[in-house]
Amino acid sequence: MAFSATSVIRGPGEIALMVVEVTKRIFTKPFQMREFLEQAWFITSVTLLPTILVSIPFGAVISLQVGSLTGQLGAQSFAGATAVLATVREAAPIAAAMIIAGAAGSAICSDLGARKIREEIDAMEVLGIDPLERLVAPRVVATIFVSVMINGIVIATGIGGGYFFTVIVQGGSAGAFLANFTALASLPDLYIAMIKAALFGWLAAIVGAYKGLNAGGGPSGVGRAVNESVIIAFMLLFFLNAVITAIYFQVSPPQGL
């Protein structure tokens, strides 16, 4: 029982310690700019197409559901405002979190896990090179950057899809859709969405790096580490999203019509 309790505490404690250590190294000079650029391009290449393919159905589903609901309530003119609000506040950050954790986080974990089982990480430490500074910090910053970019793409595509399905498919008013853009949503909603995306990218990259650096048992161990990193990242991201949303509603209550 003592071993089980220790195991339960050890994992979250090590992840929390790695969060602190990696965050410190992000602001430590010299920063590995070349590694950052290479990783940013790589993460963009593996997440851009899934982002576009996911954001279109997101916008469609939200617009169809919201359009149907506002039509039943006799508030069809607010279909655009509610679609924008749902996309900016929740749909875009959640989509970004899922893509980053599923694609970028798993890629980081598999790369570092492969280096670990090939003993490259041990060789770097013997040579006095800090793996967190040389490998992990640039990947975390690159993931934050790409996550914010993905969030913007999902917002733009979701709003565009919302306009298409609300105005073209459901026969809504284009003027009402555009005029009520800011009826419910505001700039702070966009700011908090970008902050969420940055935090989600930061956390998903660190979880992936942690599981990769602690992988063992050959290729099968790397596979298990990738699966665990995705599951842990999803749980942490959804929990963090709930906490941020609750705090935001306390600090900035929703505005009325």
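Predicted model: local features only at pLDDT ≥ 70, side-chain atom pairs only at ≥ 80, totals over all residues.
Helices H3 and H9 each contribute at least two residues to its lining. By class, that lining consists of 6 nonpolar residues, with no polar and no charged ones.

How many cavities of 30 Å³ or more does a search of the whole structure find? The search returns 2. The largest cavity holds about 40 Å³ of space, and its lining is formed by Arg89, Glu90, Ile192, Lys196, Thr245, Tyr248 and Phe249. Helix H3 (79-117), H8 and H9 are the elements that give two or more residues to this lining. Of these, H9 gives the most, with 3 residues. The lining of the largest cavity has 3 nonpolar, 1 polar and 3 charged residues, whereas the lining of the second largest cavity has no charged residues.

The packing of H8 and H9 may be considered next. Helix H8 (residues 187-213) packs on helix H9 (residues 218-251) at an angle of about 155°, and their axes lie 9 Å apart. Because of this angle, H8 is roughly antiparallel to H9. The crossing in which H8 passes H9 is right-handed. On the H8 side, the contact is made by Pro188, Asp189, Ile192, Lys196, Leu199, Phe200, Leu203, Ala204, Val207, Gly208 and Lys211. These residues meet Ala225, Glu228, Ser229, Ile232, Ala233, Leu236, Leu237, Leu240, Asn241, Ile244, Thr245 and Tyr248 of H9. By class, the contact of H8 with H9 comprises 15 nonpolar, 4 polar and 4 charged residues.

Several of these contact residues return the reader to the cavities. Ile192 and Lys196 of H8, and Thr245 and Tyr248 of H9, belong to the contact between the two helices, and these four residues are among those lining the largest cavity.

The crossing of H5 and H8 is right-handed. H5 brings Leu132, Val136, Arg139, Val140, Thr143, Ile144, Ser147, Val148, Asn151, Gly152 and Ile155 to this contact. From H8 come Leu190, Ala193, Met194, Ala197, Ala198, Gly201, Trp202, Ala205, Ile206, Ala209 and Leu213. The residues of the contact of H5 with H8 divide into 16 nonpolar, 5 polar and 1 charged.

Technical notes:
Residues numbered from 1 in each chain as written. Heavy atoms only, no water. Axes fitted to C-alpha atoms, helices over the stretch in contact; angles between N-to-C directions. Helix = DSSP H or I, 4+ residues; strand = E, 2+ residues; numbered from the N terminus. Parallel < 35°, antiparallel > 145°, perpendicular 65-115°, else oblique. Left-handed = near helix turned anticlockwise from the far one by under 90°. Contact = heavy atoms within 4.5 Å. Nonpolar A, V, L, I, M, F, W, Y, C, P; charged D, E, K, R; others polar. 1 Å grid on protein atoms, 1.4 Å probe; cavity = no way out; pocket = protein on both sides within 12 Å on 5 of 7 lines; lining within 4 Å. Points joined across faces, edges and corners; volume = space filled by probe spheres on them.
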